[in-house]
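Please work through the following exercises with the model open beside you, and try each task before reading its solution.

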Amino acid sequence: MDSRNSQIRYPTVNIDEYIRQHYGSRFLYMYPNVKKFSYRLESVQLDFQFFKICRSKDIIPSFLRFKTANSDLSSSRVYKDCQRKLLNVEINVKHKKLNELKKMYELSVNQLRELSSPDFFEHLYELSVSKCSGLIDKKRTTLNKKLLSLSPVNSSSHNYNSKFVTNLSSRVLSNEELICLANGLDYSLPAKSINFINVASNVEIFFHRITDVYQHQKKSMNEHKEYEAISESDVRVLNTKELTLANDLSSLTKSFLKRANRGQIQKNKFDFQQQSYRKLLQKLKEDTPIIITRPNKGRGVVLMDKQDYVNKIQSILNDSSKFSSLSEDPTLARENSLKSLLRKLHDQGQTTDQFYYLARPTGSNPGRLYGFSKVHKQPVSLRPVLSSIGTFNYGLGKALTQMLSDLIDNKNMIKDLSSFVKDLHALDDPLSTFKIVSFDVVNLYTNIPVDATINIILKELYEDRPVPPIIERNDLKELLTFAIKKSHFLFDGKIYDQIDGVSMGSPLAPLLAQIFFQEFEKKNLSLFENLGILYWKRYVDDTFVLLNPKFSTEKVCAELSKLHPSVKFTSQEEDAVTHKLPFLNVLIQQQEGIGFQTRIYRKPTFTGLMTKWNSFVPKFINIILSLLWYTLLFKYVHRIKHSMQSFNLFEKYQRGMVILLILSIQLLNGN
């Protein structure tokens with residue numbers, strides 16, 4: 001029932017007299033109990049949250065500061081431990097009291113609901129909430145002030161890791177700003193307000209994406225635009241599972257919106273720290289001469305002067321062999337041209353419905369170019385990344401990726417680290433006498449020769465295979481040209497075209513890199529043996545090699561770089577004393593007569609930054625991600641535990657897993 005109508009029908013003042021006249025003394029006795037238990041429940045909940053925050057921040061409330069005969073004992077470790085134990089006891093007492101009040105409150109509410117009509121009960125419920133809210137807000141403010149007064153200055157500075165934030169700008173960051181930024185770019189603050197329409201639309205989009213409803217709807221709308229009609233056979237009927245999912249999502253959305261409307265999301269949260277973060281981030285946002293971005297490797301935050309950032313990107317775009325500046329936006333013209341080609345191929349039966357509706361663009365935008373800072377190298381440069389989502393050829397790139405994925409030969413590829421380590425330990429012992437070397441291709445994506453790669457694809461499909469695809473060769477070449485060679489983007493208010501190479505961010509980029517380098521390996525595999533290479537395994541642009549010790553690594557690297565004008569290698573050789581070499585996330589050591597030993601390796605760029613527990617995301621997601629991380633770590637350690645350090649890490653994992661499970665159960669139970 002609408003609250004305004006209930007106020008017209010039922011009084012908001014002298015409600016006790018109204019209850020006595022219409023519902024009797026028993027009802028009049030029960031209504032104050034609901035208000036009483038409602039306030040007590042909220043009040044104890046605030047106390048409970050207050051004590052938990054004190055424990056998490058190692059803050060001792062003033063009522064736990066007791067006197068001792070010897071005043072020097074107040075600074076001792078035993079005194080602090082005693083205070084912490086007392087705080088834990090108080091938390092347990094409050095939690096027990098909270099559960100009792102929940103039961104009493106629910107009982108009184110249910111009794112009140114049974115004795116009154118639904119609309120009058122709703123009216124009384126809103127009255128009790130409004131009368132208690134002022135007192136609860138006052139207590140929350142008081143506890144916030146207590147927490148601020150008890151917190152030592154910069155108490156969170158011990159959580160700040162200097163590896164998390166790299167300041168390359170001219171702005172001098174305060175300690176508070178550094179602590180705030182050290183939470184990472186994935187740290188989320190609660191929204192000031194909730195847009196109910198956006199919530200509902202996002203849930204609908206989610207439902208469309210995880211079912212085929214989206215593709216069917218896209219197909220129907222395209223037909224409607226082309227033929228201005230939709231037949232009854234095109235109407236989509238949900239199956240049983242989809243109906244169940246739709247109902248579940250609808251119930252969850254309604255429940256969320258109802259709670260949000262009553263202000264329950266952040267009702268019992270102490271947000272003084274988040275308010276401070278919000279103000280700090282707002283000040284950083286208003287400082288327009290700086291820009292905040294990510295490091296190229298590892299997780300963290302990088303601040304740069306905006307002009308320096310723009311100059312570094314412009315220096316990349318000034319390469320006329322890779323990029324050209326355009327005088328006007330070609331998005332609409334290219335979208336219409338691609339639509340015409342796709343419609344022709346679809347009408348001729350050369351493409352499937354799935355390919356057509358996935359590749360067909362609508363409402364396209366130019367790509368967006370940005371850069372990640374290579375802070376691990378000096379001088380600091382940027383790695384350009386193109387956000388191609390929403391571009392006219394993004395769907396075409398995804399469709400072609402699905403179509404061409406079977407061109408990849410996994411013979412010399414590293415599928416994942418665990419399989420690589422398994423293969424490494426299966427090698428014969430005599431191979432452990434060879435040098436361990438890794439070769440890295442310099443800027444592989446941007447140096448891929450596009451025309452040569454397109455010809456490789458066409459040759460494989462139409463000359464080397466006994467049965468060519470249904471689509472004509474020239475038509476596929478034109479589609480590949482649209483997907484690869486016509487990628488324009490926006491940067492600093494100007495439109496650019498990438499005329500060679502493949503940009504990071506394109507859905508076709510990884511596949512094209514694999515196809516090109518796979519052909520490079522096929523052509524030169526016989527030359528590898530002449531260069532002393534006995535074992536060659538590649539993961540994208542990183543290659544692990546066993547090299548005959550009679551050959552010089554530098555000379556082999558130079559010879560490999562001569563094999564193709566677009567491919568340049570750098571090399572890293574095993575340590576001459578320890579015979580160790582880091583490759584990807586594994587540290588490999590070869591021992592003559594024993595074989596290869598492996599252990600976990602963290603690159604210097606690894607910061608250890610993870611999403612903070614108090615980030616504004618559902619707690620069960622943090623729990624699930626933590627459990628998933630530990631599960632992956634277990635599998636990872638189990639596969640590579642061939643040294644004492646790995647065994648020690650495995651034991652730590654087991655202890656950590658038990659602790660994590662206990663904490664997860666307590667959190668899910670509300671402790």
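**Exercise 1.** Determine how the residues lining the largest cavity divide into nonpolar, polar and charged.

*Solution.* In this predicted model, the lining of the largest cavity divides into 6 nonpolar, 8 polar and 1 charged residues. The lining consists of 15 residues, and those nearest the centre of the cavity are L386, S388, T391, N393 and S487.

**Exercise 2.** Find the volume of the second largest cavity, and state the make-up of its lining by class.

*Solution.* The volume of the second largest cavity is about 70 Å³. Its lining includes A483, I484, S487, Q498 and G501, and by class it holds 5 nonpolar and 5 polar residues, with no charged residues.

**Exercise 3.** Identify the strand that gives the most to the lining of the second largest pocket.

*Solution.* The second largest pocket holds about 1,800 Å³ of space, and among its 46 lining residues K297, R383, D440, D541 and D542 are the closest to its centre. At least two lining residues come from each of β6 (382-387), β7 (435-441), β12 (569-573) and β13 (580-583), and β7, with 4 residues, gives the most. By class, the lining has 20 nonpolar, 13 polar and 13 charged residues.

**Exercise 4.** Decide how helices α3 and α5 are oriented to each other.

*Solution.* Helix α3 (residues 25-56) packs against helix α5 (residues 118-150) at an angle of about 25°, with the axes 9 Å apart. Angles under 35 degrees count as roughly parallel, and α3 and α5 are therefore roughly parallel to each other. Their contact has 16 nonpolar, 3 polar and 7 charged residues.

How values were computed. Residues numbered from 1 in each chain as written. Predicted model: local features only at pLDDT ≥ 70, side-chain atom pairs only at ≥ 80, totals over all residues. Heavy atoms only, no water. 1 Å grid on protein atoms, 1.4 Å probe; cavity = no way out; pocket = protein on both sides within 12 Å on 5 of 7 lines; lining within 4 Å. Points joined across faces, edges and corners; volume = space filled by probe spheres on them. Nonpolar A, V, L, I, M, F, W, Y, C, P; charged D, E, K, R; others polar. Axes fitted to C-alpha atoms, helices over the stretch in contact; angles between N-to-C directions. Parallel < 35°, antiparallel > 145°, perpendicular 65-115°, else oblique.
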